[in-house]
Amino acid sequence: MSDPDKLTKQHDKLVHSDNVKVTSHVQREEGEWFVNTVMIEGVDVPFRYKRKKKYKDLTGARVNLTYYPDNLSVGGMEMEIMTVVRIRVT
């Protein structure tokens, strides 16, 4: 059984997507972390994850994602996001 299969069986809210295309990738520093936001082709919701170090630009790359739906409050407005728990370049 692969890692994504194990994760999605253990946590029912997790979703796994294979071979999706990144259309936009933005990184910004937030304290000790780099917050990464990627947009996926055909999806209008941002996918976010944190890393300790800056990462190469993923725009145009194909990736496998494991994530769950979440909400983020920005300027008093609730915004739907996907929180990424695992991302791998294919």
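Which residue in β5 does Arg-48 stand opposite? Arg-48 faces Thr-83 in that strand. Keep in mind as you look around that this is a predicted model.

Let's start with the overall layout. One helix and five strands make up the secondary structure of the chain.

Now to strand β3, which spans residues 47–51 and pairs with two partners listed here. With β2 (residues 33–40), β3 runs antiparallel, and five bridges join the two. With β5 (residues 77–89), β3 pairs in the parallel sense over two bridges. To find these pairings on your screen, look for Asn-36, which stands opposite Tyr-49 in β3, and for Arg-48, which stands opposite Thr-83 in β5.

| Strand pair | Sense | Bridges |
|---|---|---|
| β2 (residues 33–40) and β3 (residues 47–51) | antiparallel | five bridges |
| β3 and β5 (residues 77–89) | parallel | two bridges |

Finally, here are some values for the chain as a whole. Of its 90 residues, 32% are buried. The chain exposes about 6100 Å², with carbon and sulfur atoms supplying 48% of that area. As for contacts between residues at least 6 apart in sequence, 47% join residues at least 24 apart.

Notes:
Residues are numbered from 1 along each chain as its sequence is written. This is a predicted model: local features need pLDDT of at least 70, side-chain atom pairs count only at pLDDT 80 or more; totals for chains, interfaces and linings use all residues. Side-chain values use heavy atoms; hydrogens and water are left out. Helices (H or I, at least four residues) and strands (E, at least two) are DSSP runs, numbered from the N terminus. Buried means under 20% relative accessible area, exposed over 50%, partly exposed in between (1.4 Å probe, protein chains only). Contact means heavy atoms within 4.5 Å. Accessible areas come from the Shrake-Rupley method with a 1.4 Å probe; for residues, only the protein chains shown count as cover. Two strands pair if DSSP finds at least two bridges between them.
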